[in-house]
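Please open your viewer and get ready to select a few things one after another. We will walk through them together, step by step.

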Amino acid sequence: QVQLVESGGGTVQAGGSLRLTCEFSGTVFANYVWGWFRQAPGKEREFVAAISWRGDKTDYADSFEGRFTISRDVWKNLVFLDMNNLKPEDTAAYYCAVNSAWSRKPEYDYWGQGTQVTVSS
């Protein structure tokens, strides 16, 4: 079992930045992948970015590359999502997830409870 807890969400003005943090605990393996997804009201959950267990490989959805950066602290069991130049359309609940394989589908094995990001215009 893997437990995930997200933090760092909040309200920010358009053009601002936020750092989301995902703290995980439990048994993980070297092939695990950490991902960030988001879901806006009335919309499907969408893939944002993913990172390997070692932190040496990343994957981004095209619409986020260049503005968002995923990283992890191997020693502290933390995964981060740095979000810059935020736009009102980035308003959503953001979820951290863990999976046993690379995927952009919201079908990961373990999920956090989500953290809300609201961007005001």
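Start by selecting Cys22 and Cys96: both are buried, where buried means under 20% relative accessible area, exposed means over 50%, and partly exposed is in between, with a 1.4 Å probe and protein chains only. This is a predicted model, in which local features need pLDDT of at least 70 and side-chain atom pairs count only at pLDDT 80 or more, while totals for chains, interfaces and linings use all residues. Residues are numbered from 1 along each chain as its sequence is written, and side-chain values use heavy atoms, with hydrogens and water left out.

Now show the sulfur atoms of your two cysteines. Cys22 and Cys96 form a disulfide, with their sulfur atoms 2.1 Å apart; the cut-off for a disulfide is a pair of cysteine sulfur atoms within 2.5 Å. The link is left-handed, with -75 degrees about the S-S bond. Why does this pair tie together parts that are 74 residues apart in sequence? Cys22 lies in strand S3 and Cys96 in strand S9, so the bond joins those two parts of the chain. How many disulfides does a search of the whole structure find? The answer is one.

Next, select strand S9, residues 92-99. Strands here are DSSP runs (E, at least two residues), helices are runs of H or I with at least four residues, and both are numbered from the N terminus. S9 is mostly covered, as eight of its eight residues are buried.

Two strands pair if DSSP finds at least two bridges between them.

- Strand S4 (residues 33-39) pairs with S9 in the antiparallel sense over seven bridges; look for Trp34 opposite Val98.
- Strand S11 (residues 115-120) pairs with S9 in the antiparallel sense over three bridges; here Ala92 stands opposite Val117.
- Strand S10 (residues 110-111) pairs with S9 in the antiparallel sense over two bridges; find Ala97 opposite Trp111.

Strands of a sheet pair through backbone hydrogen bonds, either parallel or antiparallel.

Four strands form an open, antiparallel sheet in the order S1-S3-S8-S7. Which strands are at its edges? They are S1 (2-7) and S7 (68-73), each pairing on one side only. Zoom in on S1 and S3 (residues 18-26), which pair in the antiparallel sense over six bridges. There, the bridge partner of Gln3 is Ser25.

Now pick Ser52, which sits in strand S5 (residues 46-52). Is Ser52 buried or exposed? Ser52 counts as buried because its relative accessibility is 10%. Leaving out residues up to four places away in sequence, Ser52 touches Tyr32, Lys57, Arg72 and Trp102; a contact means heavy atoms within 4.5 Å.

Finally, zoom out to the whole protein. Its secondary structure comes to zero helices and 11 strands. The C-alpha trace spans about 40 × 30 × 25 Å along its principal axes. Buried residues make up 45% of the 121 residues. Among the contacts with a separation of 6 or more, 56% are between residues 24 or more positions apart.
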